[in-house]
Structures are given as C-alpha cells and as structure tokens.
Amino acid sequence: MRVTIFGSGYVGLVTGACLADAGNHVICVDVDARKIEQLNRGEVPIHEPGLEAIIHRNMKAGRLEFTTDAGKGVAHGVFQLIAVGTPPGEDGSADLKYVLAVAESIGEHLSQYAIIINKSTVPVGTADKVRATVAAAVEKRGVEVQFDVVSNPEFLKEGAAIADFMKPDRVVIGTDNPRTVELMRALYEPFTRNHDRLVVMDVRSSELTKYAANAMLATKISFMNELANIAERVGADIERVRVGIGSDPRIGYSFIYPGTGYGGSCFPKDVQALIRSGQAVQYRTRVLEAVEAVNNEQKSVLVRKLRRHFKDQLQGKKIALWGLAFKPNTDDMRAAPSLVVIEELLAAGAAVQAFDPVAMKEARRVLGDRKGFSLATGAYEALRGADALVIVTEWQEFRSPDFDRIKAELTEPAIFDGRNLYSPDLLKKLGVQYYSVGREPVAR
Ligand SMILES: NC(=O)c1ccc[n+]([C@@H]2O[C@H](COP(=O)([O-])OP(=O)(O)OC[C@H]3O[C@@H](n4cnc5c(N)ncnc54)[C@H](O)[C@@H]3O)[C@@H](O)[C@H]2O)c1
C-alpha cells in the first residue's frame, strides 16, 4: 500500500519504518530540510532502540523515502498520516498550527481519494478542523476530490516504540464513516495478526481517549509521589507500600513508581491541554490541576533534600548528575525533570557535572554553554571531585554501580537518588549517606 507520513519525529519515523517493514511503500515528509538530508544519508536523528536497522533495511529495499516535497507526498499515498508536533500554546492548550498546515498542504495537492489519518495528539474537534481546512484548500483550486478524516491516536512509548508499534495493545480508530474501517484494518493487519486489536469508535471519543490515557498515567504518578511525601513524614517506606498496592490487580504495578516527577514530550503538555479543554467548556478539572501541581513540586524534591543535607549552602558545591533524558532508552529531554534539577542547582550557585548514556548530544544542544554546567565523558568521570551524586534517570547501567569507586571519587559520599535504585541498608553499611524518595524520614 502507498503511505505518506507528515512529520519525521519520534512518532512519524517509527510509524514510517514499521509500515515500510511490513511491505508498504512509505514516503515521509518533513519541513525540516536538515533532518531530511540527514535521513537521506542514512543518519537517524533520534535515539530509539532498533529504529536505525529498520530504517536502513527499508531504504535499501526502496520502500522508505524521505522528502521535504509535500506535493510528492500527497501524490503518493492513499493513506496520508499526520504525525507532527502539537506543542502547548501560550495558554497550555494544544497548538494546532502544524497539524492544520499539513491539512492545508494536503488540500493544495490532493487529486485522488485519500484517507487522512491523524496520529498527532489533538483535542476533541480537531478532525472537524482538519476536514474543513482540507476542503477549503481543495475548493480554492476549483476541483472535486473525495477524502475521509480519521482519528488514530498513537500510544507508543519512547524507548520501546518499535515493539509497541509492531505488537500494539490496541489500535484506536475514530471514524464516522464505516468505509474507512476496512482501509484501517488493512493498514494494521500485519501488526494485529494473532487477534483483532482494533477498537473502533466515533472520532470525538477517539480524540479524547488519547488524553484520557496519558492523564490517567500521569495521575498514577502524581498520586504515588504524594503518597511518597506522606511516607517520609510518617516513617513509612513507599517501596513497601508500592508492592503492597501493586499486587492488587485492580491497581497493578505499572506507573506507581515514586520519583522526581513525570516529564517528556507528552504527559506535561497533554495534562495541560486537557485542563484547557475542560475550561473551554466551563468545566474545572480539579483532579488534573492537582496532578500537575504535585508534579511541578516533585521535580524539586531532590534539590530540597540537597539543601537540607548541605544546610542551605549549595554555593560553590560541585554536584555529579546521572541521567538527563526524561526516561531511560531515549535521548529525549523535552520537559525532563533533569532540567529543573540543573536549573535549581545552578541558581543556588552549585556546579553540575552530568552524564547520560545517550542524551549527551541533546544536552549540549539544550543546555549549550550554561555557566556552571558541564558534561563528563563517563558516569564515574562525572563524580570527579564532586560533593554529591544526584540520580535523575533510571538507566540500567546506574542500577548496580561500583559503590567503592563512587565513594572514592566523591569528596563526601552522599547519593540523592530520585528513582529509588538502591537498598538504603546496603548503602548505610557501605558508609554512604543515602537519600531517596519516600523511604527515609524527613524532619517536618
Ligand atoms: N513522542 C511520543 O512518545 C509520542 C507518543 C504518542 C503520541 N505523540 C504525539 O505525536 C505527535 C508527534 O510527536 P513527536 O514526538 O513525534 O514530535 P516531534 O517533535 O519529534 O516531530 C514532529 C515533526 O514534525 C515536523 N513538522 C512540523 N510541521 C510539519 C509540516 N507542516 N509538514 C511536515 N512535517 C512537519 C517537525 O519538523 C518534526 O520533525 C504529537 O502530537 C505528540 O503528542 C507522541
């Protein structure tokens, strides 16, 4: 089948690569000429495990192409997928300018039937706006051409995106036109062979489903962080509480890890956008407002512990920081909690020496030459001459480190662990001062 995908970011590239791998002929269109040049040289601009091999294999087979030419893309695909960004606008609502720019391009070039599939995360009502934008651009040309608009939100997780796309839990299809269901079924058939995973519904419910999923996951995280904050104050251990509630199948073990707050390109903006969607219909989303407030405060939890440890004297301190990406197995630093930790430490006059297994290039781009911030060549190099170690991202390689080396490198062995990676008892035995989230009592 002929597929065109607008937007070659985390969602567009993974979708394009996986659809090409199933035998389809895919053209990916992006407005970022540098990114397209890079991709055409075989360089993959993001870190996503397994993605590069699939891209190379399918480029070689002639099934995957990259272009900045929207006209070429529109002429190619029966399926036209929109996978561009929907960043927060000034008021926190989803900014639809990229989505509608794609709709306009499609309308400017469309000459045969296409099914326009929206994979970007968009508020309820966006499919109607896309339909109207395409129709207006088609009408302006004085031509007549049929098209359908379908909502097909994406649920992939960065770091495990290929597996998520190849073996989805579900494929949500929002459509008001039954003829599109068979087309969508055909597109996803290679990925849903062992049982039908299509969940078909009306467009508006589908658009809301994506926000509901992310808001629910964000709520679980903030709930657990709130519990961690109580645990510290009442002398309980949140990790025991976590296992105690996770064993209840109605609750489950996923997304109930306490930590330094959620980040990334989806949860913060999607929770905010849903709050705005509520406001737009005069409904106050009190649960979501609390989820966001708890999360914003939680991003400072480690710095609060550092302040207490150093008796508010962070000026001149050198802090080693492990983990910059917003979660392991990605180089994505959008809204990463590490950024808040770094900014607060720098503002307090501390210097930060950071290391991340894959996000170093991205960190250089995002943080540039910030005074007091530097990148170390390795995890242990980051510790050199530092007064404390702060762990923000739970990369596998940080889980069982050489504690003797950590002790030897730090001027005073103190670890501030935002992911509860280690045993407090073990670190006590090793003579390391250890602070984690929701496990050791704090002074009220
Ligand atoms: N990243 C995730 O894990 C994830 C998961 C599920 C859903 N989503 C949603 O999917 C959408 C895309 O997210 P992403 O992380 O892939 O974004 P991204 O920022 O990584 O990529 C977006 C790409 O779209 C391109 N673009 C912008 N305008 C364009 C245009 N007119 N034509 C062609 N390309 C254009 C940009 O240059 C960029 O390369 C968002 O709505 C996001 O909320 C993301």
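Author: Start with D30. An N or O atom of its side chain lies 2.6 Å from an oxygen atom of the ligand.

Reader: How far is the ligand oxygen from the side chain of K35?

Author: Also 2.6 Å, again to a side-chain N or O atom. For R334, an oxygen atom of the ligand sits 3.0 Å from an N or O atom of the side chain.

Reader: How much of the ligand does the protein bury?

Author: 89% of the 840 Å² that the ligand exposes when taken alone. Areas are Shrake-Rupley values with a 1.4 Å probe.

Reader: Before we go on, what kind of model is this?

Author: It is predicted: local features need pLDDT of at least 70, side-chain atom pairs count only at pLDDT 80 or more, and totals for chains, interfaces and linings use all residues. Numbering runs from 1 along each chain as its sequence is written, and side-chain values use heavy atoms, with hydrogens and water left out.

Reader: OK. How many residues surround the ligand?

Author: 26, and the closest are D30, K35, T86, E158 and K269. A residue counts as near if one of its heavy atoms lies within 4 Å. The shell divides into ten nonpolar, eight polar and eight charged residues. Charged means Asp, Glu, Lys and Arg; nonpolar means Ala, Val, Leu, Ile, Met, Phe, Trp, Tyr, Cys and Pro; the others, Gly among them, are polar.

Reader: Which helices supply at least two residues each of that shell?

Author: α1 (10-21) and α5 (97-109). Helices are DSSP runs of H or I, at least four residues, numbered from the N terminus.

Reader: Is α1 mostly covered or open?

Author: Covered. Ten of its twelve residues are buried, meaning under 20% relative accessible area; exposed is over 50%, and partly exposed is in between (1.4 Å probe, protein chains only). The buried ones include Y10, L13, V14 and C18. After α1 comes G23, with a positive phi near 110°.

Reader: Switching topic. How many disulfides?

Author: Zero in the whole structure. The cut-off is two cysteine sulfur atoms within 2.5 Å. C28 has its nearest cysteine sulfur, that of C18, 11 Å away.

How values were computed: A polar contact is a pair of N or O atoms within 3.5 Å; within protein, one must be able to donate a hydrogen and the other to accept it, and residues adjacent in sequence count only if both atoms are side-chain atoms.
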